[in-house]
Amino acid sequence: MIILVAVVGTYAQTIKAYETLKTGEKVVAKGVFVYSKPLHMYFEDKSPKKHKIVMAAKFFIKKTPKGYEGYMIRGLYDIEQKKLLRYYLNKRMIMHPPENTAIDLQDIAFKNKTVTFTLPPFGYVLTDGGEGFINDEAVVSFAKKTKTLELYGGDIEIIGDASAAR
């Protein structure tokens with residue numbers, strides 16, 4: 001399984017803080033989805049070896065007494081070294097080191113095995129199609145455009161909607 005790790009700045013909690021459950025909290029959705037074929041390419045770490053890189057995202061959502069909280073990190077991931085190389089922060093998909101980013105999800109809502117949320121300026125609809133990624137679906141919206149991503153790995157897991165988290 002792919003594990004993306006990042007440290008966040010003052011605009012958001014850390015990943016560890018999001019994933020640490022307090023009394024009355026429950027994980028309601030989590031997962032990783034890979035949305036590119038592996039590419040062999042040199043990367044700016046000055047290594048003479050090509051990396052095997054994919055574009056991937058990790059997300060985590062919990063139900064708290066105050067509502068839903070969650071994060072998502074999108075970026076380039078080395079699948080052989082199991083290492084996040086760069087993450088995407090904004091709509092231009094400009095790459096940054098995996099630190100100091102706001103990763104808060106907004107407008108989180110559930111319906112059956114589907115979760116919707118925004119990570120401005122993008123809107124996401126993630127559907128759990130069962131174990132693995134074959135029947136999962138990730139749809140991304142930006143402005144007036146919507147695209148269903150072709151998935152190459154990971155697993156979107158919708159554990160429960162609002163009623164299951166009570």
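Analyst: In strand β12, the bridge partner of K30 is E157. Strands here are DSSP runs of E with at least two residues, while helices are runs of H or I with at least four, and both are numbered from the N terminus. The model is a predicted one, in which local features need pLDDT of at least 70, side-chain atom pairs count only at pLDDT 80 or more, and totals for chains, interfaces and linings use all residues. Residues are numbered from 1 along each chain as its sequence is written, and side-chain values use heavy atoms, leaving out hydrogens and water.

Strands β1 and β12 run antiparallel and are joined by 6 bridges. Two strands count as paired if DSSP finds at least two bridges between them.

Of the 9 residues in β1, 7 are buried, and the strand is mostly covered. Buried means under 20% relative accessible area, exposed means over 50%, and partly exposed lies in between, with a 1.4 Å probe and protein chains only.

G153 belongs to β12, which spans residues 153-158. Because its relative accessibility is 9%, G153 counts as buried. Leaving aside residues up to four places away in sequence, G153 touches V32, F33, V34 and F133; a contact means heavy atoms within 4.5 Å. The C-alpha atoms of G153 and S36 are separated by 8.9 Å, although these residues are 117 residues apart along the chain.

The structure holds 8 aromatic pairs. One of them is formed by F33 and F59, a tilted pair with 6.4 Å centre to centre and 50 degrees between the planes. Rings of Phe, Tyr and Trp (its six-membered ring) pair if their centres lie within 6.5 Å; planes under 30 degrees apart are stacked, over 60 edge-to-face, and the rest tilted. This pair links distant parts of the chain, with F33 in β1 (residues 26-34) and F59 in β3 (residues 51-64), 26 residues apart. Because F33 has 1% relative accessibility, F33 counts as buried. F59 is buried as well, with a relative accessible area of 1%.

Another tilted pair joins F122 and Y124, at 6.4 Å centre to centre and 55 degrees between the planes. Both F122 and Y124 are buried.

Strand β7 is joined to β8 (residues 114-119) by 4 bridges, and F110 stands opposite V115 in β8.

Finally, a word on confidence. The protein averages a pLDDT of 80, and 75% of the residues score at least 70; pLDDT is the predictor's confidence in each residue, from 0 to 100. Over residues 1-11, pLDDT stays under 50, and the model has 33 contacts beyond four places in sequence for them. Residues 162-166 also stay under 50, with 5 such contacts.
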